[in-house]
Amino acid sequence: MMRIISRDSSSALVFTFYVVCSFGLASLTLAQTPLNQTQPTTHPSEVRALNSVFDQWNIKANTQQWNISGEPCSGAAVQDSASLEDATFNPFIKCDCSFNNGFLCHITQLKVYALDVTGPIPEELWTLTFLFNLNLAQNYLTGSISPSIGNLTRMQYLSFGINALSGKIPREVGHLTELISFSFGANNFSGPLPSELGNLSKLQQLYIDSSGVSGEIPSTFANLRSLNTLWASDVEFTGRIPDFIGNWSNLTTLRLQGNSFEGPIPSSFANLTSLTEL
């Protein structure tokens, strides 16, 4: 059998010719395959999860900008020129369609920013395990953060800031070892910070001001040597300000006002030669 593929540029079809030889005779068959069958598509489980999340939050994808014809990873979602920082797109996703030789897309970024979304974070969100950027800031989200957040091990940029979330920060956040920026300030959390946050050695920015957490800064935070920004005001921290903060040599911004610390300012702060705001 010999297969010959011909592409007719004047039509949206691929013509496939099969020459079959048997008993000295040859026959020619023609098969037509629509080109749109070769376009990359979003993983079905992620389509279901995204639709469920949006349904529970009573928001819709913009079918004129992305999610064109019901395909989430289309339009602006796959264009390099569009980004989550662009206010034009909200809610918005970004996709990576390089999987399965360019035939499969995974959702890698999601923004639902300042859309007055209410209610808890749907459990389906934590199944989008290819996410590396998630921005849910400035809504009215309630309830706790599920331990299932630990599934998002590719996460680099994560923001829950300015919501009404409560409960403890789950220790499973410590599984997100690729995190660069983490924000959960201006919420109603309670209890101490989990020591597992000390696993986030790549963390550069941590915004936890007015978040509701309390207690002492965990000793494991000594591992956060990549930090350049820490906002931790008005969170009822107690005990002494740790000496190890003086080892955060990349630190440029440190906010600790409005807490319940006691004891002296550590002399190790003299090592923070990059500090511009204290």
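Author: Helices here are DSSP runs of H or I with at least four residues, strands are runs of E with at least two, and both are numbered from the N terminus. The 13 residues of α1 should span 18 Å at 1.5 Å a residue, and the end C-alpha atoms are 18 Å apart, which agrees. The expected span is 1.5 Å times one less than the number of residues in the helix.

The model is predicted: local features need pLDDT of at least 70 and side-chain atom pairs count only at pLDDT 80 or more, while totals for chains, interfaces and linings use all residues. Residues are numbered from 1 along each chain as its sequence is written, and side-chain values use heavy atoms, with hydrogens and water left out.

The buried residues of α1 (under 20% relative accessible area, with a 1.4 Å probe and protein chains only; exposed is over 50%, partly exposed in between) are Glu46, Val47, Ala49, Leu50, Ser52, Val53 and Phe54. Their cover includes β4 (41-42), β5 and β6 (104-111).

Ala87 sits in the loop between α1 (44-56) and β5 (92-99). With a relative accessible area of 71%, Ala87 is exposed. Its C-alpha atom is 9.4 Å from that of Tyr113, 26 residues away along the chain.

Two salt bridges are found in a search of the whole structure; the term means a side-chain nitrogen of Lys or Arg within 4 Å of a carboxyl oxygen of Asp or Glu. In one of them, Glu178 pairs with Lys202, with 2.8 Å between the closest N and O atoms. Glu178 is in the loop between β11 (166-167) and β12 (181-183), and Lys202, 24 residues apart from it, is in the loop between β13 (188-189) and β14 (205-207). Glu178 counts as partly exposed at 30% relative accessibility, and Lys202 counts as partly exposed at 39%.

Glu277 and Arg255 also form a salt bridge, at 2.8 Å from N to O. Because Glu277 lies in the segment after β18 (260-261) and Arg255 in strand β17 (residues 253-255), this pair ties together parts 22 residues apart in sequence. Glu277 is partly exposed at 31%, as is Arg255 at 25%.

The average pLDDT, the predictor's confidence in each residue from 0 to 100, is 89, and 87% of the residues score at least 70. Over residues 1-36 pLDDT stays under 50. Where pLDDT is low, the predicted coordinates should not be read in detail.

How values were computed:
Contact = heavy atoms within 4.5 Å.
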